[in-house]
Amino acid sequence: MYSNELVRGMLKTIILQLLGEKDKMYGYELSKLVKDRTEEKIVLTEGALYPLLHKLEKDNLVITSLETVGNRKRKYYALTPTGETSAKEKRHELLDFMKTLKSLIDPQPIVLCTY
Amino acid sequence: MYLLSQEESIKIKNRVALAEVHNASLSVDLVDHICCMIEERVERGTKLNAAEEEVFKEMGEVQLKAIDIETKFLTQNKFAMKKRTKIIGIIAFILLITGFTFKMFHLPGAGILWGIGVITAAFGFFLFSLIDRFSYEKSSLMKASAVIGYIGSALLIVGLGLVLLRWPIAVYLAESGSVLLLAYFILNNAISRNASDSK
C-alpha cells in the first residue's frame with residue numbers, strides 16, 4: 001500500500017476520474033473500486049473520501065441524489081458539467097506530472113550525435 | 001445479496017449519531033458505508049454481530065467524529081471567517097489609534113475610545129483569531145492550551161491597555177496574563193515535542 005503522503009495529492013483527481021466513468025456512484029462503491037482496481041495498493045479511507053466528496057459538492061463539481069436502498073438512504077454522487085471539465089484538466093495535469101516525474105527520476109541518457 | 005434489516009440500519013444510524021457526527025448529509029454517507037461493510041462481511045460468512053463489532057472496531061467512534069470535523073473544516077467558508085476577523089481587527093486598531101491620539105491631545109472621550117479599542121482587540125480580534133485557528137483542532141490538549149493562551153493574551157492586552165488609563169487593577173491583570181502566556185508557551189512546547197517524538 002502506498003503511503004498517505006503520496007496518495008493525498010492525487011485523491012481529487014482519482015475521485016473525479018472515477019465519477020466520470022459512470023453516471024453516478026456512492027461512497028462505498030468508489031472506495032471498493034479503487035481498492036480492487038489497484039489491488040489494494042491505494043486505499044480510499046472513509047476519513048479521506050467523505051470530507052473530499054463534500055468539498056467537491058460544495059465547490060459544485062459534483063451533485064448528489066438520495067435513493068432508498070433496502071432499508072436505508074444512499075447518497076449518489078455524479079459529476080456536474082464543471083466537474084467534467086475539471087476531471088479532464090486534472091487528468092491531463094496528472095499525466096503530464098507523471099511524465100515529468102519519470103524524466104526526473106529516470107532520466108534518459110544523453111546521446112551525442114557524431115558526424 | 002444480503003441487506004441489513006430496518007432495525008439493524010437504525011441501530012447503525014444510532015451508533016453513528018452517538019459518535020457525534022453532526023452533519024446529517026455526512027451521516028447518511030457513513031451509515032450507508034458502514035452498512036455496506038457489514039453486509040460484505042456477512043456475505044463472506046461472518047456472523048452479523050461479529051461483523052458489526054469488527055467494522056466499528058476498524059472505523060472507531062473517534063474516527064467517525066474526526067471525519068465530521070474534517071468535513072466541517074474542508075467545507076467551511078474560511079475566506080468569510082478570515083474577513084470577519086480582519087474587519088474586527090481593523091475596527092480595534094482604528095479605535096486604539098484614535099483613542100491614543102485623543103489622549104495625546106488631551107481631548108475628551110480618549111479613555112472611552114481607548115477602553116473600547118482594548119476590549120474589541122481582546123474579546124473580538126484575538127478571540128475570533130483563536131476560533132479560526134483552533135476550532136478544527138482534534139486534540140483536546142491543544143484546544144485547552146489555546147484557551148489558556150487566549151485568556152493570557154486577553155488579560156495582558158486589557159491590563160496593558162488599562163495601564164494607560166491608570167486603573168489600579170491594570171498591573172495585576174497584565175501580570176496574571178503574562179503568567180498564563182508563559183504557561184501556554186511551556187504547554188504548547190511540550191505538546192509539540194511529544195507529537196514529534198511519537199512520530
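So, Trp114(B): it's buried, with a relative accessible area of 14%, where buried means under 20%, exposed means over 50%, and partly exposed is in between, using a 1.4 Å probe on protein chains only. Before I go on, this is a predicted model, so to speak of a local feature we need pLDDT of at least 70, side-chain atom pairs count only at pLDDT 80 or more, and totals for chains, interfaces and linings use all residues. Residues are numbered from 1 along each chain as its sequence is written, chains are lettered from A and ligands numbered from 1 in the order in which they are written, and side-chain values use heavy atoms, with hydrogens and water left out.

Okay, aromatics. A search of the whole structure turns up four aromatic pairs over all chains. To pair, rings of Phe, Tyr and Trp (its six-membered ring) need centres within 6.5 Å; planes under 30 degrees apart are stacked, over 60 edge-to-face, and the rest tilted.

Phe100(B) and Trp114(B) make a tilted pair, 6.2 Å centre to centre with 45 degrees between the planes. Phe100(B) is in helix α5 of chain B and Trp114(B) in helix α6 (residues 110–134), so the parts being tied together are 14 residues apart in sequence. Phe100(B), for its part, is partly exposed, at 39% relative accessible area. When I say helix or strand, I mean DSSP runs numbered from the N terminus: H or I over at least four residues for helices, E over at least two for strands.

Staying in chain B, helix α5 (residues 78–104) also holds Thr85(B). Is Thr85(B) buried or exposed? Buried, with a relative accessible area of 6%. Leaving aside residues up to four places away in sequence, Thr85(B) touches Phe125(B), Phe128(B), Ser129(B) and Asp132(B); contact here is heavy atoms within 4.5 Å. From Thr85(B) to Phe128(B) it's 43 residues in sequence, yet 5.8 Å in space, C-alpha to C-alpha.

Over to chain A. Strand β2 (residues 62–69) pairs with β3(A) in the antiparallel sense over eight bridges, and pairing takes at least two DSSP bridges between the strands. Ile63(A), for example, has Ala78(A) in β3(A) as its bridge partner. The two strands form a hairpin with two residues between them, and Gly70(A) in the turn has a positive phi of about 65 degrees.

Helix α3 (residues 27–37) of chain A has buried residues including Tyr28(A), Leu30(A) and Val34(A). What do the buried residues of α3(A) pack against? In chain A, that's α2 (11–21), β1 (25–26), α4 (46–58) and β3 (72–79), together with α2 (24–43) of chain B. After α3(A) comes Glu39(A), with a positive phi near 50 degrees.
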